[in-house]
Amino acid sequence: MKEYKKYRKRLPLSLLEEVKEKTKDMPEARVNKILKEVHKEYRKAKVQAGESVGLVSAESLGEPGTQMTLNTFHFAGVAEMNVTVGLPRIIEILDGRKKIKTPMMEVYLKPPYNKGKDIKKLALSIKETLLKEVMSEISVDLANSSIEIILDKEKVKDIGATAGSIVKALEKQAKGTNVKKKEDTIIIKPKSKENHVAEAYKLKEKIKNIYIKGVKNIKQVLPVKRGNEFIIITSGSNLPEILEMKEVDTSRTVTNDIYEISRILGIEAARAVVINEVSKVIEAQGLNVDIRHIMLIADTMCFSGDLKGITRYGVVSEKASVLARASFETPIKHIINAALVGEVDELNSVVENVMLNQAVPVGTGLPGLVTKIK
Amino acid sequence: MSEVYLNSKYIGDVEEPSLFIDQFKTERRKGSLSNNVNIFYNDLDNNVYIESSKGRARRPLIVVKDGIPLLTEKHLEQLEKGELSWVDLVNQGIIEYLDAAEEENAYIAFTEKDLKAEHTHLEITPYSMFGLVASLVPYANFTPAARVNMGSKNQRQAIGFYASNYLVRMDMDVNLLHNPQVPIVKSSMSDIYMDEKHPAGQNIVVAVMSNDGYNMEDAIVISKSSLERGFGRSTYYRPSTAEEMRYSGGLVDEISVPDKEVKGYKSEEDYRLLENDGIVYPEAKVEEDDVVIGKTSPPRFLSSMDEYNLAAATRRESSISMAHGEKGVIDFVMLTENEEGNKLVQVRVRDQRIPEIGDKFTSRHGQKGVIGLIVPETDMPFSASGIKPDLIFSPHGVPSRMTISHLIELIGGKVGALSGRQIDGTTFHSEPEAELRKELLSLGFKENGTETLYNGKTGEEYNVKIYVGNMYYMKLKHMVANKLHARARGPIQLLTRQPTEGRAKEGGLRLGEMEKDTFVAHGASLLLKERFDSDKTVVPVCEKCGLIAIHDEYKNTKYCPICGDDVDITNIEVSYAFKLILDEFKSLCVYPKLQLKNKY
């Protein structure tokens, strides 16, 4: 239809599609009228030129932030599943930390597993298991300077492993040793000819922490019922390996490790997680911040294609103005580096102009006068 | 078998620690061991610790034997007669000082009623858990601890009668209350610390009601006539000091009326109050900037060359004058010598302070507030008998703070004032509120303390009964006269050319980083520029090298120190702080080149 074409450039596509869908059976004149009204409303909703949206976002998030420091709800939750919440979590997200304090995953499952089929077994098989968790005894044989391990059969069965698979895992990871299985015990002997007892003791400590089964970095698992399906909440995060599992619903499984998301699923996913995680914290505190402020901040962190924190190494280092960068932490470093390459400050943003006592280019400071000179 | 430590040093073993400790304590109570020594058995490590070192916090307790305190009625009688003193009780082992460690081994009864056979000690009084000032809060056991604490903090700031020799003292920042009174509702601590000798407040009639909104948010409304009768009136004393200092080369300061030739001479007007000796006369009325002590000092940096230089030999003005915003009357002038034998002049200024809007007052229950309105007595509410409150306190101050003691004191004060006696409001054993109410009823008032009041302006009866009674109120040392501050223009700092900071220096009120952000958020860009132009300057800039050029005032020409005068030089308007940072860049060997561009 002609009318829609006319508005293609003036309205966002999603809006246009919605109008199209709803005005399917209407006469042309009416559709035209509706489109005109929609366009009017759309223009009203747009932010005015020269509005300092970034600063308003910063204030809108900073003000509840000051209140959060006073709250003692920072470490609420059960001891088993201790999650960083409150202000420390917000700082962690906005700083774009690569190693977060409490990584966590919510693993959604495909049917039939999401109805509770083998849920406990599945959860345990995800959990990272070390040798020390499945053995009942470990000792050093002083005569042969070898190490003897007695497995806890119950626990081995629980995680779905066998003595054979454990031996295989040991052979693979304990380099420079001979692994032998004798009835219920596993005997490990260092290959080196010299029988050093001290070395055997060292080896014993090392062997205790050998990875046997499960997904690495998943420290704890907790199957819970959410709505009418079962999901597994984990402490520790390993998105790539979890997504490879055939029982997992890959479209819904998330981690709270934003850096990992950006690495595995890309920057758009990371942006969505930043928005979700920040709003989750703010809502948990009973505060109310408009989602668009958070979206703007998430966009600032992600628009370059990499996840950048709001720190002097992240987005601040990308600022165009030398003076603006220098006014935010480590001024000398920025000035000297700018001098080395002969950087030019175009004085295009707020901070520099405040320093020079010039009108800042927002609001009333933005418009100039255009006139024809005869 | 236990090890014994004396002041943390091992000294030996004992076979039976409990026997040893019992014996030790008996000896100490008998007086054969010093009563400064404490002993403590630690059952965790089975050791005995004896402490005699300094710096231990210790407190006195009554010794109890088999559930019976050693302090008897007989002792109390003797104490009252003066036959026995505190030291005697300690020496006889009736009262014993325990330190924090020995207290761990003791079982202390809170009151005599609680005493059981296992108890080893008895508190002298339950309110010994409070400090001196906190025990002055009447009925404190009816109020949250946080409020009692605040009440005690407020009382410390109260203006009172601090020392009777105040006339010959030269204390800094002294406030003296004019007609101090002893509280009607007292506590037994009042007697111990001799409240009558240095009281700090006055008993006034308080009505708990709102008053046209002028007492919201902890403000109070005060009757003007009460102030005229002397309520809350105080005097503020502040001395100024000048010393005739001696410098190297035989140079000395001189206290005298400065010559007109002196460098930094103020104006004749400022020196008008000085007598021939260069000091003001007593009872002179002084205002701000008036010189109180005239003084001149030798020139500051006198080098050998300057001896031949006549201009440099002039002396420097260094008089002491009244600080900005201060006024008063010269109260006392003192001439003396200091330790080094230098002449020392001290002048004390006195200023009468009648309560004004913004002065701070408090009851003893952490219910402080500032005066919001001073109402002529004709407009104050009144009762049928003609009683008009001196102060109107807002009822909104009570529910959230739960200061019940404030409300009880009001009834107590009313009973005390009507029956002409002091009410005992000692924490934990005060006169019961029920009895106060009964007595109030017998005195012809409503039992709950309320009265029918009439609107002072219209004469109409209020629809509700108003809670009225007498309370002890204190004026706090925070007075607006010492704090009020505003500035339109004034002194600036030498380095940055920005306004000075602080009231004493007539400083500006800073529009900080976050305040700046609000201007930006509103898009009020040009307003922000105007607010930040306190240090704006016009500097000439060389268009060629982009550095600050020089403007020669005499020849009215501009030239660049690098490129000469054959270049375009343009004036730009920037903040002086920016010009300063350009200079600092240069000192870092960074070349800040300004590229000028027409704004329009």
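Modeller: Strand E1 (residues 104-108) of chain A runs antiparallel to E10(A), joined by 2 bridges. Keep in mind that this is a predicted model, where local features need pLDDT of at least 70, side-chain atom pairs count only at pLDDT 80 or more, and totals for chains, interfaces and linings use all residues. Residues are numbered from 1 along each chain as its sequence is written, chains are lettered from A and ligands numbered from 1 in the order in which they are written, and side-chain values use heavy atoms, without hydrogens and water.

Colleague: What makes E1(A) and E10(A) a pair?

Modeller: Two strands pair if DSSP finds at least two bridges between them. E1(A) and E10(A) have 2 bridges, so they pair. Met105(A), for instance, stands opposite Thr255(A) in E10(A).

Colleague: Why are strand E8 and strand E10 of chain A said to stand at the edges?

Modeller: The open sheet has 4 strands in the order E8-E9-E1-E10 (chain A), with antiparallel pairing. E8 (220-226) and E10 (254-255) each have a single partner strand, so one side of each lacks a neighbour in the sheet.

Colleague: And why is Ile332(A) called partly exposed?

Modeller: Buried means under 20% relative accessible area, exposed over 50%, and partly exposed in between (1.4 Å probe, protein chains only). Ile332(A) has 49%, so partly exposed is the label. Its place is in helix H16 (residues 331-341) of chain A.

Colleague: How many residues of strand E4 in chain B are buried?

Modeller: In E4 (residues 47-51) of chain B, 4 of the 5 residues are buried, which leaves the strand mostly covered.
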